[in-house]
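Trainee: I would like to go through this structure with you. Could we begin with how the chains meet, and with the terms that requires?

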Amino acid sequence: MIARLLRTTPTRALVLLGLLLALLLLAPMALDRYLVSVFILVFWFAYVGQAWNVMMGFAGLLSLGHALYVGLGAYVAAALFVKLGVGPWAGLWLSALLSVAVGAAIGWLGFRFRIEGVYFSLLTIAFAEVARIGFDHLGWAGGAAGLFLPVSSEGGAWWNLRGGPLFFYYLALTMAAGAFLLCAALRHSRLGYRWLAVREDAEAARALGIDVFRARMAAVVISAGLTSLGGVFYAFYYNNLFPGPVFDISRSIEMILAPIIGGVGTLFGPVLGAFILTPLGEALIAITNAVGLNAPGTKAVFYGVCLMVIVILAPNGLWPALKRRLGIPEEKA
Amino acid sequence: MSLSLYLEVLVQGVLSGLVYGLMALGLSVIFGVVRVVNFAHGEFAVLAMYAAFVLFTALNLDPFLAMAPIAALFFAIGYGLQRVLINPFITRPEHDQFILLVGLAIILVNGLLMIFGPDARHANLPYSFDSWFVPTGIAGEIIVDKVRVYAAGAALVVCGLLFAFFRFTLVGAAIRACADNLVGAAVVGLDVKRLYALTFALGLACVGAAGSLMVALTDVTPMLAPSFTLLAFTIVIIGGLGSMAGALLGGLLIGVAEAVASIAIAPSMKSMVSFALLVLVLAFRPQGLMGKRAA
């Protein structure tokens, strides 16, 4: 698999990827605490964007409720750790399992009953909202008052995902890189080609003998499982969970901006999008503060303007254009 | 809990539901013809609420009167928006349209946040607290808020006008033709671009009217916007995307379901009931209660 990936990827792309990875591995030496936290966010959004892209970019299923899987992953792992003392490395399997089960249920409901397009997107939002309200009322997991993970000044044991900024920096980088590799492998697998066929024309794919239902279910399940691990990271990085911010539709939207801006269906799009949007958000905070525009909402207005400008000017996302600029040829067959 | 309380809540749900229905009608009309999902729908509703609120506090203009100029203003905004911003996106994939409208939604809601702040504003109409005592026989007297009756009545009038427009005018028929068969409409020489802009304008006029009415019923804060967008979606899917009567029926159902749920279960659980309804409808009648076309 790896060998085939190396063979089919253009050399120039491999070299650039290697350079980027080396740069990011060494970067913490030159970064202060704040910038490290920004990079952690970038990696996190690159990771969940990649996971979302499996559904949208590969299989053509627009999910607008991916916060659901982040939230489920975060809550399961955190509750197991806080309430039962089960460590995150054991808990993440349950996180993933639950998210996969919920994803499968949504997928089954959607695809069995032929809920497609906008309707399917609405279904994903509905489930995320139901989860948000449900967790608001789930007293055992803290309800609306939130769930908190213990924080100690010594940091704690790395195997319990307790650690300083650098620990989370490399963890997030590993996850983002891992998801990138996994998606590259998936994209060039038999399943990946089936996804593309289904995405382009489900009826034609069915006529070719592809089991459309199974291909779509696979996309939902893989995407849900991957996203839930992003949730586990979220819980142990932030140490607090509130149903509102975790499950809210605005989080679902935030998560999918990076892959869309970067380029839906491309491998590097989610990464590029995260590298543009997260620093953009941070820069806007800094700029609006410096200029003295402290009214709440100022930053977000500029953010909205940037989104609209990008989507108007770059129809297929920014990566295809940048790819040409970097002189990376289309993949060898 | 007594029967009369349930009856009161039921009536209240029906009355608010009609106003929700008018808001959702705007979304339904736009999607049914232009095939673009307006993800900034709730944001426009809240914008209209603030417009009515400002007119009321600054000029003491009653929201029921302000409804007309606000709807006209939103008509103009909708026309321009479709012409300038949305028309180039009609052939683009759904997720591109989504980003464009989400960007617009972010700008609207945060612009309002910058101007008005996060606090809830209340338009204190002179007759806000007037009500009728309606005898119902076995259940005794129930209390019906006057302002809700006025709002529901106004919503019905606006809906009636829109129905009449689509059914009895030539332009209305032309718009329906675009929705039924776009290529055919273009072939017989209809100016599709103009009709699309007109449709978007009508959709936003509905939202403008609905928002003005809602100021009379509830406090306004920018944070309402995303939940209104979701509410409008839920109503439209339940009623059937593209069906005008469906949007009203969906509004009624959701209005009643949420009102009853908020006293029977808990106020914070009310939207759970709407989403449960949504999932049921999607599973058993994906085209919506009044929708014709298979999803």
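Mentor: Buried area is the accessible area, taken with a 1.4 Å probe, that two parts lose on being put together, summed over both. Please keep in mind that this is a predicted model.

Trainee: What is the area buried between chain B and chain A?

Mentor: The area buried between the two chains is about 3600 Å². Carbon and sulfur atoms give 83% of that area.

Trainee: Which three residues of chain B supply more of its buried area than any other three?

Mentor: They are B:H95, B:I99 and B:M114, which supply 17% of the area that chain B buries against chain A.

Trainee: And how many residues does each chain bring to the contact?

Mentor: Chain B brings 37 residues and chain A brings 39 residues.

Trainee: Which elements of chain B give two or more residues to the side that touches chain A?

Mentor: Those elements are α4 (94-116), α9 (224-239) and α11 (270-284) of chain B. The largest share comes from α4(B), with 15 residues.

Trainee: How do the residues on that side of chain B divide by type?

Mentor: There are 27 nonpolar, 6 polar and 4 charged residues on the side of chain B that touches chain A.

Trainee: Changing topic: what is chain B built from, in helices and strands?

Mentor: Chain B has 11 helices and 2 strands. Along the sequence, its pattern reads α-α-α-α-β-β-α-α-α-α-α-α-α.

Trainee: What radius of gyration does chain B have, against that of a compact globule?

Mentor: Chain B has 19 Å, which agrees with the value near 19 Å for a compact globule of 295 residues. Its C-alpha atoms fill a box of roughly 60 × 45 × 35 Å along the principal axes. Of the 295 residues in chain B, 56% are buried. Among contacts in chain B between residues at least 6 apart in sequence, 76% join residues at least 24 apart.

Trainee: Back to salt bridges. How many are there over all chains?

Mentor: The search of the whole structure finds 5 salt bridges. One of them joins A:R132 to A:E129, with the closest N and O atoms 2.7 Å apart.

Trainee: Where do A:R132 and A:E129 lie in helix α6 of chain A?

Mentor: They are about one helical turn from each other, because they are 3 residues apart in helix α6 (residues 118-136) of chain A. Both A:R132 and A:E129 are buried.

Trainee: Finally, where is A:A179 found?

Mentor: A:A179 is in helix α7 (residues 165-187) of chain A. Its relative accessibility is 5%, so A:A179 counts as buried. Leaving aside neighbours within four places in sequence, A:A179 is in contact with A:Y47 and A:Q50.

Notes:
Residues numbered from 1 in each chain as written. Chains lettered and ligands numbered in written order. Predicted model: local features only at pLDDT ≥ 70, side-chain atom pairs only at ≥ 80, totals over all residues. Heavy atoms only, no water. Contact = heavy atoms within 4.5 Å. Helix = DSSP H or I, 4+ residues; strand = E, 2+ residues; numbered from the N terminus. Nonpolar A, V, L, I, M, F, W, Y, C, P; charged D, E, K, R; others polar. Buried < 20%, exposed > 50% of the residue type's maximum accessible area, 1.4 Å probe, protein only. Rg over C-alpha atoms; globule rule 2.2 N^0.38 Å. Salt bridge = Lys/Arg side-chain N within 4 Å of Asp/Glu carboxyl O.
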